[in-house]
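Me: I would like to learn how to read the features of a protein model, one at a time. Could we go through this one together?

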Amino acid sequence: KWFGFRLHLIADAKYELPVEYEITKASNSEVKEAERMIKRIKKEKPYKINTCKVFLADRGYDSTKLIEMLDEEEIAPVIDIRNMWKSGEKTKQYRDTDLVYTYDGKVYYVNEKAEKIELLNKGYDNSSKSIRYGFHPKYKDSRIFRISLKEDRRIFTRIPRNTYKWKRIYKKRTGIER
């Protein structure tokens, strides 16, 4: 923001080059401007959308609609998340299972003693559009659990938030912020 204006910039994080930009009133929504810019790129420069693999953004762009738009284009969103759980809950149960998850994507198995055991990410399953989770090898339990991305599009993304890969990719934003 600068004196009532805001620069909305989509850039290549690898080469730190601009792809698309828009200057608007500072009051314009970041998410809506990003959606417009992506639609414009798709219409005018579709080759740029086809080569994009990951979309990086701060929590101001945390929106189910934007994430679904990116997913339609086979672009993995790496967008920081806002805690929008108003009820003060720490965890939510995944369907009718022994799994619970936090607003930032950590998944736990709750055993019969009501102890939470954090599960490890075992990768994205493209055929079922779900994330696979399993136990740490020290538990000697080879069960795999799948959580559908549809459960909550903001929390569950192709590249899970609690992985080193997500953190490594998210750090690439610093070049654009600079």
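Reply: Gladly, and let us start with a pair of strands. Strand β6 (residues 99-101) and strand β7 (residues 107-110) run antiparallel and are joined by 3 bridges. Strands here are DSSP runs of E with at least two residues, helices are runs of H or I with at least four residues, and both are numbered from the N terminus. Two strands pair if DSSP finds at least two bridges between them.
Some ground rules: this is a predicted model, in which local features need pLDDT of at least 70 and side-chain atom pairs count only at pLDDT 80 or more, while totals for chains, interfaces and linings use all residues. Residues are numbered from 1 along each chain as its sequence is written, and side-chain values use heavy atoms, leaving out hydrogens and water.

Me: Which residue of β7 stands opposite Leu99?

Reply: In general, strands of a sheet pair through backbone hydrogen bonds, either parallel or antiparallel. Here, Tyr109 in β7 is the residue opposite Leu99.

Me: What is the order of the strands in the open sheet?

Reply: The order is β5-β6-β7-β8, with antiparallel pairing among these 4 strands. At the edges lie β5 (92-93) and β8 (116-118), each of which pairs on one side only.

Me: How many bridges join strand β9 to β10?

Reply: There are 5 bridges between strand β9 (residues 120-125) and β10, and the two run antiparallel. They form a hairpin with 4 residues between them, and Lys129 in the turn has a positive phi of about 50°. On its other pairing, β10 meets strand β11 (residues 144-148), again antiparallel, over 5 bridges.

Me: Is strand β10 mostly covered or mostly open?

Reply: Mostly covered: in β10 (residues 130-134), 4 of the 5 residues are buried. Buried means under 20% relative accessible area, exposed means over 50%, and partly exposed is in between (1.4 Å probe, protein chains only). Across the 178 residues of the chain, 39% count as buried.

Me: Now a helix, please. How far apart are the end C-alpha atoms of helix α1?

Reply: The expected span of a helix is 1.5 Å times one less than its number of residues. For the 15 residues of helix α1 (residues 30-44) that gives 21 Å, and the end C-alpha atoms are 21 Å apart, which agrees. At the start of α1, a side-chain oxygen of Ser29 comes to within 3.3 Å of the backbone nitrogen of Val31.

Me: Which residues of α1 are buried?

Reply: The general idea is that an α-helix has 3.6 residues a turn, so residues three or four places apart point the same way. In α1 the buried residues are Val31, Glu33, Ala34, Glu35, Met37, Ile38 and Ile41. Their cover includes β1 (5-12), β2 (17-25), α2 (46-51), β3 (54-57) and α3 (64-72), where contact means heavy atoms within 4.5 Å.

Me: How many salt bridges does a search of the whole structure find?

Reply: Side chains of opposite charge can pair when their charged atoms come close. The cut-off is a side-chain nitrogen of Lys or Arg within 4 Å of a carboxyl oxygen of Asp or Glu. The search finds 17 salt bridges. One of them joins Glu22 and Arg40, with closest N and O atoms 3.0 Å apart. That pair links distant parts of the chain, Glu22 in strand β2 and Arg40 in helix α1, 18 residues apart. Glu22 is partly exposed at 26% relative accessible area, and Arg40 is partly exposed at 24%.

Me: What does Glu35 form a salt bridge with?

Reply: Its partner is Lys65, with the closest N and O atoms 3.8 Å apart. Glu35 sits in helix α1 and Lys65 in helix α3, 30 residues apart. Glu35 is buried, at 7% relative accessible area, whereas Lys65 is exposed, at 51%.

Me: Where do Asp71 and Arg153 lie in the chain?

Reply: These side chains meet in a salt bridge (2.7 Å, N to O). Asp71 is in helix α3 and Arg153 in the loop between β11 and α4 (164-170), 82 residues apart. Asp71 is buried, with a relative accessible area of 15%, and Arg153 is buried too, with 9%. Elsewhere, salt bridges that share partners join Glu20, Glu22, Arg40 and Lys45 into one network.

Conventions. A polar contact is a pair of N or O atoms within 3.5 Å; within protein, one must be able to donate a hydrogen and the other to accept it, and residues adjacent in sequence count only if both atoms are side-chain atoms.
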